[in-house]
Amino acid sequence: MTSLAGTRGLIRLILRRDRFLLPLWVLVLALLPIQTAVGIDQFYSTPAALRELYGTITSTPGLLAMLGPVFGATLGAITAWRAGLVLTVVGLASMLSVIRHTRTDEEAGRRELLGSTVVGRNAPLAAALLVTLAADLVLGALLAAGMVGLGLPGTGSVAYGLSVVAAGWMFAAVGAVAAQLTEGAGAARGIGLGTLGVAYMLRAAGDTGGSDSGVGWLSWLSPIGWAQQTRAYADERWWVFALPVALVVVLVSAAFALLARRDVGAGVMAPRLGPATAAPGLRSPVALAWRLQRTALLAWTAGLALMGALIGSVADSVKNMANESSQLKDVLERLGGEKVLSDAYISGAMVIFALAAAGYAIQATLRLRSEEEGQRAEPVLATSVGRVQWAFSHLLFGLLGPAVALLAAGLAEGLVYGLVVGDVGGELPRVAAGALVQVPAVLVLSGLAMALFGLLPRLAPVSWAALAASAFLVLIGPLLRLSHWLLDLAPFSHIPKVPGADVSAVPLAWLLGIAAVLAVAGLAGFRRRDIVSTA
Amino acid sequence: MTATAIAVSGLVKKFGPTRALDGLDLTVNTGEVHGFLGPNGAGKTTTIRILLGLLRADAGEARLLGGDPWADATELHRRLAYVPGDVTLWPSLSGGEVIDLLGRLRGGLDPKRRAELLERFDLDPRKKARTYSKGNRQKVALIAALASDVELLLLDEPTAGLDPLMEAGFREVISEELDNGRTVLLSSHILAEVEALCERVSIIRAGRMVESGTLAELRHLTRTSISAELAAPPNGLAELAGVHNLQIDGTRVHLQVDSEKLDGVLRRLVAVGVRTLTSQPPTLEELFLRHYQAEQPAGGDGQRQQEVSR
């Protein structure tokens, strides 16, 4: 087939360009679950301890929403659950890898240069897909081998490895389609990320209420859900693998079909013309920042509100879990009745919302960095806009944006939950307050991102590591029985569990103070330093 | 208004171990188009970024329109416009939006001039910035700068992506700017453009000024090539000051001579008797190439190095 001519050469080119990146993500993603298995084995060495952990997980909706369902009280099943995020991350890495070697090259004009040599029309997409799918396979094989090496059952390990491969393949295929749709790589990544986000949220919503919440079917709408429903280490369901295979075949065929119908450099969606003059309001750095950040703000707000509504709709049914265990019921009654369980469920979900909002906060704040590195800060700073004024225009979104998104989540959750239990007037303010108390902890991460941007711009991405560490401490830390001072490092550990617990102002004021100091330090540092340029 | 728009002396900027600027001096008079030349990596862009207050100088002094480019950045920026060499725009904004936004952030823009420039540069302002070619992105930045009512234009290789027709248009527009009394610092590699527009030029290399003056002055500093057939074999030519690359083949002579020493050489040739004579005036290319290619000074200042190599 001449349309595939040159694929082999392109594969070599991709391997050369990604000679560090590709092995890095494959190795990191392979080591994470193996490391997790070792850790769990250390802390929960007996079957009784594993059963206890299993009980804790299944009764903590926040954990189920974040990581997915757990299918058994064995080391393998709990490891597969604990490393559940690997499925999302491998999807992300695979998708970005495909877009990077197709649309990004095309947008940059490198594809054109290649197209003039003996390279077939389908070769770049085929090469990008082959490399990515092969990397996923290597990852799966490493995982399965590693797990067997740790003494876990072979069948389960193969199923586990394959579930990771399936997640990677499905989103590589999603990336292949997204890369055909738009002219810009950024927009293609946006489509891919949006798809991944929806898949994650559907799965989270479906899994959050445990196995009999009535919304479990939502997980079956999500490719990530499929990968988990193969149930590695817990009576593997091999037939489920038919779903990812079918999806990959459909999406990859669609991508090649779309490719055949469009011009090099063009997207399936035609770019629209913009206005010839700017709207009267586009006359300040804040107006520009709003133009650049509004889509993300609306997407995060809508996403969190949707999650809130889903959690609100199942919160009341959580109390059914208590009916199955009379011992749990006794404890609950002493604590204040069945409502405690729903409240704990709602406040647990708030932590997840807060972590998501913190991700958005960092993204919005670090827009400063990408504007600077992309040399789009320079033209603005060469006008009569001051540095602080410019930095503040984006920081504003890092500070207010997450508050808006969290409030939307709280209101949606409170409204739906109120409607279910028939007390909107009572529940709406309680639940919304639960979302709002998270804001100070989120702002600490906005402040950290700002401080790094202003003082140590090269280290700005460390903000993401801080978020990952916080998430680990607040979600997994208690399970691993980490010491208190370690847990206290995460700003989210200091937030009262609302609704349920009393709100004390002191920790919230401290967090706000820390956030303010960090942000001001960042602004002060930015006033003093050189603006980076690559030229 | 001050008589010097830009006054830079002893400017030093280090990036880690490399000294991007190493004691740079630069003076630009108000109301002139000043050519700013030098090989890639000589420090032209770094100088402009310091003048814009984007970078902080490690040593030396810089004055811009009578103010301090770092401390008074925002006030000074109302009075100047900048066109970067590599224009990157916000992909989701249309060209027209970018022009208006930058103009407004600078403190206002003349809508009539904007329309006229759009026409002259043949730019469709409705297209999204992501779909513009390099040349069109350059035009967006140029129009935003030229339609603003400012005293000083800082242009960093502004025509690098323009086609020859647009480049000619650019020259026309800049000449008009000059008539309006604006000052322009024009960093460029295009010698024809510099020759057409600039009264004075400064050449920098390795972070230092190596030559500065009017084009006539600089021409004067360079060499003229002479080929002659004489009545008899000449002698004593080699001893004359300012003679280079002397080749004597019987009665035929090829030599190069520093322009200011031309008189003495001609007198000597006439004394021998001249049959034929061709002389080639120095081209701007030769002038620049000499400065671009010259050896890195081993020590001391570049100016003296220049004297010695002559």
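Helix 22 of chain A has 16 of its 17 residues buried, so this helix is largely enclosed by the rest of the structure. Here a residue is buried if 20 or more other C-beta atoms lie within 10 Å of its own, exposed if 12 or fewer, and partly exposed in between, with C-beta atoms placed from the backbone. This is a predicted model, in which local features need pLDDT of at least 70 and side-chain atom pairs count only at pLDDT 80 or more, while totals for chains, interfaces and linings use all residues. Residues are numbered from 1 along each chain as its sequence is written, and chains are lettered from A and ligands numbered from 1 in the order in which they are written.

**Helices of chain A**

- Helices (H or I, at least four residues) and strands (E, at least two) are DSSP runs, numbered from the N terminus.
- Helix 22 covers residues 439-455 of chain A, and at 1.5 Å a residue it should span 24 Å, which agrees with the 24 Å between its end C-alpha atoms. The expected span is 1.5 Å times one less than the number of residues.
- Two packed helices are described by the angle between their axes and the distance between the axes.
- In chain A, the axes of helix 9 (residues 123-149) and helix 10 (residues 154-181) come within 8 Å and cross at roughly 160 degrees. Axes are lines fitted to C-alpha atoms, for helices over the stretch in contact, and angles run from 0 to 180 degrees between N-to-C directions.
- The contact of helix 9 with helix 10 of chain A has 18 nonpolar, six polar and one charged residues. Nonpolar means Ala, Val, Leu, Ile, Met, Phe, Trp, Tyr, Cys and Pro; charged means Asp, Glu, Lys and Arg; the others, Gly among them, are polar.

**Chain B at a glance**

- Chain B has 11 helices and 13 strands.
- Its C-alpha atoms fill a box of roughly 75 × 40 × 35 Å, taken along the principal axes.
- Of the 310 residues in chain B, 42% are buried.

**The six-stranded sheet of chain B**

- Six strands of chain B form an open sheet in the order 5-6-7-3-8-9, with mixed pairing. Two strands pair if DSSP finds at least two bridges between them.
- Strand 5 (80-83) and strand 9 (208-214) of chain B stand at the edges with a single partner strand each, so one side of each has no neighbour in the sheet.
- Strand 5 of chain B is covered on both faces: Leu80(B) and Tyr82(B) on one side, and Ala81(B) and Val83(B) on the other, are all buried.
- Strand 5 runs parallel to strand 6 (residues 152-156) of chain B, joined by four bridges, and Ala81(B) has Leu153(B) as its bridge partner.

**The three-stranded sheet of chain B**

- Three strands of chain B make an open sheet in the order 2-1-4, with antiparallel pairing.
- Strand 1 (residues 4-15) and strand 2 of chain B are joined by nine bridges; Leu11(B) is partnered by Leu24(B).

**A hairpin in chain B**

- Strand 11 (residues 243-249) of chain B has seven residues and the number buried is zero, so this strand lies largely in the open.
- Strand 11 pairs with strand 12 (residues 252-258) of chain B in the antiparallel sense over five bridges.
- Two residues lie between these strands of chain B, and Gly250(B) in this hairpin takes a positive phi near 65 degrees.
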